[in-house]
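This briefing goes through selected features of the structure shown below, grouped by topic.

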Amino acid sequence: MEIKRRDFLKLFGGFSGALLLGGCGLDEVLEVPASWVNKVKNGPKIETWKNTICGLCSGGCGIQVRLIDGLPVHIKGNPNYPVNQGGMCPLGINALHHLYNPDRIQIPMKRVGNPLTGKWEPISWEDAFKIISQRLIKLRRQNITHQLVILGSGERGVMKELISRFASAYGSPNYYQFSSLPNDVVPYLLVHGQSQIPSYDFLNAKIILSFGSNFLEEGFSPIYYTKLYSHHREQQTRYIQIEPRMSLTAANADSWVPIRPGTYGALALGLAYVLIREELYNEDFVTKYTFGFEDWIDKESKKHIGFRNYVLENYYPEKVSEITGVSSELILELGRELGNTPRALVLGGGGALDNTNGTFSMMAIQSLNGLLGNYERKGGIYFIDEPPYSKLPPVIEDSIAKNGNKKEPHAKPQDISFPLTNFSIESFTKNILRDNPYPIDTLFLFRGNPLFHSINHHEFVDALKKTPFIVSFDSFINETNEYAHLILPVNTFLEDWNESSNIPSVGFSHIGIQQPVVEPLFSTRSMGDIFIDLAKQIGGTVSDSFPFENYKQVIEHKLLGVYNSGRGAIASKGVKKMWLEYLQQRGWQISRYSSYEEFWDQLLKDGGWWNPIREEKRLNEIFKTPSGKFEFYSQKLKNSLDTLLKNQKENDSTHNLESILSRLNITARGDAVYLPHHEIVPYEGEKPFYFTTFQVLPNRDGKGANLPLMQEMFGYSVRSYWRSWVEINPINAEEYGIKDGDWIWIESSINRIKVQAKVIPAIMPNVIAIPFGLGHTSYGRYAKGYGVNPNSIMHNLYDYLSGKPALDGTKVKISLAS
Amino acid sequence: MSKWRMVIDLDKCTGCGSCMAACKMENNIPIVDSKEANEGGVLNWMDVITQYHGDYPNIEVDRLPKPCFQCDHPPCTKVCPVRATYLNPDGLVAQIYHRCIGCRYCMTACPYTSKVFNWYEPKWLDGPYKCFNPDVSIRMTGVVEKCSFCSHRLMKVKEDAALEDRPILDGEYEPACAEICPADAIYFGDAENKNSEVYKLSRSYRASRVMDDLGLEPKVYYLSKRS
């Protein structure tokens, strides 16, 4: 497009409204619906605002969309929505480019020919539905419904419930989600006994010690945390960030402690040593509500070592200093600070989890919270309640569905790997390739882009190629669904109904209503509606399990429970936490709605509901472990390894505990296996550099790469636009003769990539870091061919227990590219 | 007469870049492609500047969101041969794009490097939908542009206030960056209004202005414990 000075002047004389659709002339407008052109040219220019929820990441921010004659032109944060309180991240601000993106899939498409080289042929919705439902009906006739596998991404709440409802009504135990969440919760499951991600009371904490959790950029809801952080000057909170690369969070923290990648657990235990040795831990909590702190004797009169003595023997500061690269003086200082400050909060995430020893590291980090007794208290850790949703009518399963649901989950790790999880992307891939426990027939890919994230690229591609029939539900063509046989275009979040409730780690129970702000631009359909219609087409009990006309009805039904409970309030102006607490104390509630319809209308108008009032739970209620206490010694881990051993014996296998542990790459022996401990990461020794990755706000997990503005902003902090860079410490740069801006090769034993170097002191020597999110080979014109994908050179390593990809588990060498 | 002031609290700012994105969307700023961007052609009205101080591991990072400082005595307006940039009656430094001849004298004169030049043909989202903000004009190749404190918003607010025959309320007029900031680090308001947040904050012990000794009276204050 070209704008000449004359055109430019003409714009202002004539039809300035055309600005919305395109500057010069109206030729391009031909592709736009006639009603739109008419509105833009002749509309009365009436401005309205609609509230909805941003769907570009898991953060669940409330947004307000500005519409001129019903056409979206601008997005800002919803100031009354409690999660983001008017704040937004760059990606969300740019969401209209997601809606108007020229690379959106506009109509259902069928692949003709081979993946990547073949062609996409448009087909009608009726035909697409016919193809899918015939296939699904055939599977039911053959009584092999379990061969349908659904691979979702980050969906939660009602959408997740709807899909799992579809799966069980149809008769497949195989609904999985490709996001690390199912793997991330494993350490919490071990120490707390429940897989809910806890919430942290940032506002009342005095010290926040974060092990690798880059909550301002990569957390569940970065804007929620930015809001909390921005009050810390007034709160006098001290933030300490422990990680090898200075992330946005570390840059804003009061203190940055660089640590060698993969040694977080050792440092946490070093701090535990200081707390125990100097008796700075919460004795009352530890005696009453924890298990395995002191030495103990089990039912079989066998003596076990307690956490106290294990730590005192093994994690003295000098040794920890040697492992982690953090000086022993600093370890003492940090430990004392932690122990001597009331309300010191410890959290972990990011790099602490992204390694082969992630689960043990996280257990060690959480053990500090156990020592400090940080549960259910001011400035501590707590668990929020589920919103008071009504239940959907029970799923009706016929004999075919019952038979299918009884089958073993397909992606369940086989052999001995990942004993604590039902899904890992690695076991998913391997099981498809080996037809183990059974072959799969149809794969539903539900948004997301697992291939781009994969660190086992070739096998994942093979698995996709091997699958007989893949249906993708997405708005864009990306690396993964290039391999699909059929793509159904779904609405973007601005055109669709959904709900966004209880974002993990956000500190109150809440529901955001995502409503369509505009009619679908193209021939796309609502994700929820597609599943309901599919169920109807399959018929029988599958259809009977979905007594709803559309997905909106499902949401309305769920919200009825919230209305009936009378709890919480619609997040509107003036409804602040203090006020709600005041009402609660006096036994009052806000019931300004005479009917459910009125409540629903108000909910759509304001965008959400929340309930900041939480019934305090007793400490003996929150831990769901076998002992009912916070477990230093994880009985769950012990039980699952014992079960594994028993099963192996039944199968006449020669495995004993020793061989199982070595297969799991666990080097600890005896009681230490079940206690938080430091496992050495099996790095390749000769390579000099630890390789780490991070995410930036304009891109998040690669999703922002098809938005040109976000590509331009990708590296605004280092002045690198539309491309990847590698951060390297000046000490190493001098060693290798690298100057800022030089191109260098980064080489692992798998592959190598060429990146531009940014020499900055904010990274530990012998560590290099590359942002994740670029290097797409598909995903539209703005994403394809820009930057590199760091995951492509990573070793195929996973957390031993949880099956989470070990993104920090690779070592590399570098050289100047001539 | 109002005196518009912006106060940016660097102790709260995290450097997330939301202000940059909000500014680009609000003001129809062209998207610059990879080649042009890496040659230095990025058009930032609001720019977040990152600087590292000190040696590893004792490093401090400065992140400075930098809009146009809208000086009370702007040096850029004095050098413009065609009066394409001038101090408007609201006290804001305005640009008249179709009068600009692209000589870039004003860019040279600005000590804060707040002005940017349209070197390339402007590009927006491909396809028929550009999602422009209908309140802001688009610019052509060969003209200088810069932050306007979202003066199109002021125009609207002034009209509303005049219709209702009342003064402009505190917080009624706010640029896109201040509105969106997730850290609540950007304050905006009338320094004549003694009840306004900016009046108080611009007198804080933490407040300072960039290159204050030049006597240009910039309208943007920074708050920081470190100076």
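In helix 26 (residues 596–606) of chain A, the buried residues are A:Tyr596, A:Phe599, A:Trp600, A:Leu603, A:Leu604 and A:Asp606. The model is a predicted one. The points below take up the surroundings of this helix, a glycine in a loop, a sheet in the other chain, and the interface.

**Helix 26 of chain A**
- An α-helix has 3.6 residues a turn, so residues three or four places apart point the same way.
- After helix 26 of chain A comes A:Gly607, which has a positive phi, near 100°.

**A:Gly306**
- A:Gly306 sits in the loop that runs between strand 14 (303–304) and helix 14 (307–314) of chain A.
- Buried or exposed: which term applies to A:Gly306? With a relative accessibility of 0%, A:Gly306 falls under the 20% cut-off and therefore counts as buried.
- Leaving aside residues up to four places away in sequence, A:Gly306 touches A:Gly292, A:Phe293, A:Glu294, A:Asp295 and A:Leu675.
- Between A:Gly306 and A:Trp725 there are 46 Å in space, C-alpha to C-alpha, and the two are 419 residues apart in sequence.

**A sheet in chain B**
- Chain B has an open sheet of 4 strands in the order 8-1-10-9, and the pairing is mixed.
- Strand 8 (186–190) and strand 9 (207–208) of chain B each have a single partner strand, so they stand at the edges and one side of each lacks a neighbour in the sheet.
- The pairing of strand 1 (residues 4–9) with strand 8 of chain B is antiparallel and covers 5 bridges.
- Within this chain, B:Ile8 has B:Ile186 of strand 8 as its bridge partner.

**Interface of chain A and chain B**
- Contacts join 79 residues of chain A to 66 residues of chain B.
- The size of an interface is often given as the accessible area lost when the parts come together.
- About 6,100 Å² is buried between chain A and chain B, with 62% of this area from carbon and sulfur atoms.
- The rule finds 7 salt bridges across this interface.
- The side chains of A:Glu47 and B:Lys156 form a salt bridge, at 3.9 Å from N to O.
- On the side of chain A that touches chain B, 48 residues are nonpolar, 17 polar and 14 charged.

How values were computed: Residues are numbered from 1 along each chain as its sequence is written. Chains are lettered from A and ligands numbered from 1 in the order in which they are written. This is a predicted model: local features need pLDDT of at least 70, side-chain atom pairs count only at pLDDT 80 or more; totals for chains, interfaces and linings use all residues. Side-chain values use heavy atoms; hydrogens and water are left out. Contact means heavy atoms within 4.5 Å. Buried area is the accessible area (1.4 Å probe) that two parts lose on being put together, summed over both. A salt bridge is a side-chain nitrogen of Lys or Arg within 4 Å of a carboxyl oxygen of Asp or Glu. Ala, Val, Leu, Ile, Met, Phe, Trp, Tyr, Cys and Pro count as nonpolar, Asp, Glu, Lys and Arg as charged, and the others, Gly among them, as polar. Two strands pair if DSSP finds at least two bridges between them. Helices (H or I, at least four residues) and strands (E, at least two) are DSSP runs, numbered from the N terminus. Buried means under 20% relative accessible area, exposed over 50%, partly exposed in between (1.4 Å probe, protein chains only).
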